[in-house]
Amino acid sequence: MIKVIIERRIMPGLEDEYEQAAREAMRVSLGVRGFVSGETLVQQGHTDRRLMITKWRDLRAWKEWHASEARATAMQRILPLLTEDETVRIYEAGY
């Protein structure tokens, strides 16, 4: 299992629109082979900052989703709402 941590900053005033787009992207990912779970967090005191934590069966499953047409379509709604590029970090269990 791996966890993918995605950090995003949203343009002020567009938080509600972002939430709708992000929910749709999460809904689409639920049916993707290898997707295990996901959650979204809002940074306290900073409603423009989001942290998404998703769990995937393995790195291959994540890479397939990341490169998929479905994710590209979902990101077309999300990207214009961000103030900067998202940051993606991939983690695996420590030993």
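Arg71 has a relative accessibility of 7% and therefore counts as buried, where buried means under 20% relative accessible area, exposed means over 50%, and partly exposed lies in between (1.4 Å probe, protein chains only). This residue is found in helix α3; helices (H or I, at least four residues) and strands (E, at least two) are DSSP runs, numbered from the N terminus. Beyond residues up to four places away in sequence, Arg71 touches Ile6, Arg8, Trp62, Trp65, His66 and Glu86, a contact being heavy atoms within 4.5 Å.

The model is predicted: local features need pLDDT of at least 70, side-chain atom pairs count only at pLDDT 80 or more, and totals for chains, interfaces and linings use all residues. Residues are numbered from 1 along each chain as its sequence is written, and side-chain values use heavy atoms, with hydrogens and water left out.

**The sheet**

The strands form an open sheet of 4 strands in the order β2-β3-β1-β4, with antiparallel pairing; two strands pair if DSSP finds at least two bridges between them. At the edges stand β2 (35-43) and β4, each of which pairs on one side only. Direction ignored, neighbouring strands are turned by 20 degrees against each other on average. Such angles are taken between axes, lines fitted to C-alpha atoms (for helices over the stretch in contact), and run from 0 to 180 degrees between N-to-C directions.

Strand β3 pairs with β1 in the antiparallel sense over 8 bridges, and 8 bridges likewise join β2 to β3, which run antiparallel. β2 and β3 form a hairpin with 2 residues between them, and Gly45 in the turn has a positive phi of about 80 degrees. Individual partners can be named on both sides of β3. Val4 has Thr54 as its bridge partner in β3, and Arg9 has Arg49. Ser37 is bridged to Lys55 of β3, while Glu39 stands opposite Ile53.

Helix α1 lies across β1, β2 and β3, and runs at about 5 degrees to β3. Within β3 is Met52, which counts as buried because its relative accessibility is 9%. Leaving aside residues up to four places away in sequence, Met52 touches Val4, Ile5, Ile6, Arg8, Tyr18, Met26, Glu39 and Thr40. The C-alpha atoms of Met52 and Ala22 are separated by 9.7 Å, although the two residues are 30 apart along the chain.

**Helix α2**

Which residues of helix α2 (residues 59-66) are buried? They are Ala61, Trp62 and Trp65. Seen down the axis of α2, these buried residues fall within an arc of 100 degrees, so they line one face of the helix; the arc is that of the directions from the helix axis to the C-beta atoms. An α-helix has 3.6 residues a turn, so residues three or four places apart point the same way. On the other side of α2, Arg60 and Lys63 are exposed.

The cover over the buried residues of α2 includes β1 (2-9), α1 (15-30), β3 (46-56), α3 (69-78) and β4 (87-92). At its N-terminal end α2 is capped by Asp58, a side-chain oxygen of which lies 3.3 Å from the backbone nitrogen of Arg60. A polar contact is a pair of N or O atoms within 3.5 Å; within protein, one must be able to donate a hydrogen and the other to accept it, and residues adjacent in sequence count only if both atoms are side-chain atoms.

**The aromatic cluster**

Rings of Phe, Tyr and Trp (its six-membered ring) pair if their centres lie within 6.5 Å; planes under 30 degrees apart count as stacked, over 60 as edge-to-face and the rest as tilted. By this rule the count comes to 3 aromatic pairs.

| Pair | Centre distance | Plane angle | Class |
|---|---|---|---|
| Trp56 and Trp62 | 5.7 Å | 65 degrees | edge-to-face |
| Trp56 and Trp65 | 6.5 Å | 25 degrees | stacked |

Ring pairs link Phe35, Trp56, Trp62 and Trp65 into a cluster. Trp56 has a relative accessible area of 1% and is therefore buried, and Trp62 is buried too. Trp65, at 7% relative accessibility, also counts as buried.
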